[in-house]
Amino acid sequence: MTGQMTDRPEPVFAAPWHAQVFALTVHLNESGLFAWPDWAERFGAGLKARGLAKELDGGEDYFSVWLEVLEGYLAELGQAEPAEVERFRAAWEAAYLATPHGEPVHLQASA
Amino acid sequence: MVRFMPHDHHHDHRHGAEDHAHALLPPDPALRVKALETILTAKGVIDPAALDVIIDTYETKIGPRNGAEVVARAWADPDFHARLMEDATPVVADLGFFGRQGEHIVAVENTAEVHNMVVCTLCSCYPWPLLGIPPAWYKSDAYRSRAVREPRKVLADFGVTLPEGKAVRVWDSTAEIRYLVIPERPAGTEGWDVERLAALVTRDSMIGTGLARVPEDAA
């Protein structure tokens, strides 16, 4: 049989937000906000720092570090201040909690 | 008032008393990613539609089949093989497999004397255009630290035992250079076309933690 994979395919991303944070980083790089080696250097340092505290298994914890490093980098670049991120995170949480199940969730900007 | 549409509809199921009354609350990191997207979209730094295109590309269009095609062509076509080994980046770009981050692709070939294996000890640099998103084990601390220190033991964990005397060469990827292992062509595949050969090339064989399938297993 040709062209057939007998390997069981693995999910590409284990959770939707893994894909979102990955795509966001790739997009920011492609739009010129930062060079990939600069990102990789920070991410590598972040993994190393977290890996000292506990062994990372390459799954959820890997993308948790990814997100943490991206948040730090965006703050450093003046693109997203931590307080602003927290404000919008809370706004999204409130929006989910206020939206009846099954309906699309909209964020109502407080500004 | 500004309204933002969420990008995904897969929400974390939480089973609590108040469940189903409202939209399912995504996990905290998902909300933080949404917060970043909201801020950067409002500033015009990102285009939400571009994010969806990137996700779609990685989920459906990019995967180890790309790399398998490259390996199969290298096996079947001596001229392609020579060009690939000399400078893989333009050769794979000709097939439509571009490094999005401008990285160089280097092909390293397994022979009777040497087995190549790839790791990224820094983070998870990986030839995305050829292999897609790396598996969790490639990103794990265990693999990243052990691949260099004890590659034969790691190979044994993957069920690969190499003949005594075969050297193992471990390549540490960087943000600039990504490696593609060209596994040894299995015996009994003389005269096979590219499509048939590509079916023997597994993802792990292109990372070096596996070997190409033998024809009997692929049948």
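**Labels and their cut-offs**

Student: What does B:T121 touch, leaving out residues up to four places away in sequence?
Tutor: B:T121 touches B:R144, B:V148 and B:D172, with residues up to four places away not counted. Contact means heavy atoms within 4.5 Å.

Student: How should I read these names and values?
Tutor: This is a predicted model, where local features need pLDDT of at least 70 and side-chain atom pairs count only at pLDDT 80 or more, while totals for chains, interfaces and linings use all residues. Residues are numbered from 1 along each chain as its sequence is written, chains are lettered from A and ligands numbered from 1 in the order in which they are written, and side-chain values use heavy atoms, without hydrogens and water.

Student: Where is B:T121 in chain B?
Tutor: B:T121 sits in the loop between β2 (114-119) and α6 (128-131). Helices (H or I, at least four residues) and strands (E, at least two) are DSSP runs, numbered from the N terminus.

Student: Why is B:T121 called partly exposed?
Tutor: Its relative accessible area is 33%. Buried means under 20%, exposed over 50%, and partly exposed in between (1.4 Å probe, protein chains only). The value of 33% falls in between, so B:T121 is partly exposed.

Student: How far apart are B:T121 and B:R144 in sequence and in space?
Tutor: They are 23 residues apart in sequence and 4.9 Å apart in space, C-alpha to C-alpha.

Student: What makes A:H27 buried?
Tutor: A:H27 has 10% relative accessibility, so it counts as buried. It belongs to helix α1 (residues 16-30) of chain A. With residues up to four places away in sequence left out, A:H27 touches B:I46, B:D47, B:A50, B:L51 and B:I54.

Student: What makes B:G188 partly exposed?
Tutor: At 44% relative accessibility, B:G188 also falls in between, so the label holds. B:G188 is in the loop between β4 (177-182) and α10 (194-198) of chain B. B:G188 and B:V214 are 26 residues apart in sequence and 8.1 Å apart in space, C-alpha to C-alpha.

Student: Why are α3(B) and α4(B) called oblique?
Tutor: The axes of α3 (residues 64-76) and α4 (residues 78-86) of chain B come within 5 Å and cross at roughly 120°. Axes are lines fitted to C-alpha atoms, for helices over the stretch in contact, and angles run from 0 to 180 degrees between N-to-C directions. Under 35 degrees is roughly parallel, over 145 roughly antiparallel, 65 to 115 roughly perpendicular, and the rest oblique. Roughly 120° is among the rest, so the two helices are oblique to each other. Here B:V70, B:R73, B:A74 and B:A76 in α3(B) meet B:P78, B:F80, B:H81 and B:L84 in α4(B).

Student: What makes a group of residues a nonpolar core?
Tutor: A nonpolar core is a set of buried Ala, Val, Leu, Ile, Met, Phe, Trp, Tyr and Cys residues joined through side-chain atoms within 4.5 Å. The largest one has 94 residues. Those with the most contacts inside it are A:F22, A:W39, A:F43, A:W66, A:L70 and B:L84. Its largest share, nine residues, comes from helix α3 (residues 60-76) of chain A.

Student: Which residues does A:F22 contact, leaving aside neighbours within four places in sequence?
Tutor: A:F22 is in contact with A:F13, A:F63, A:W66, B:Y58, B:W128 and B:I133.

Student: How many helices and strands are there in chain A, and how many in chain B?
Tutor: Chain A has four helices and zero strands. Chain B has 12 helices and four strands.
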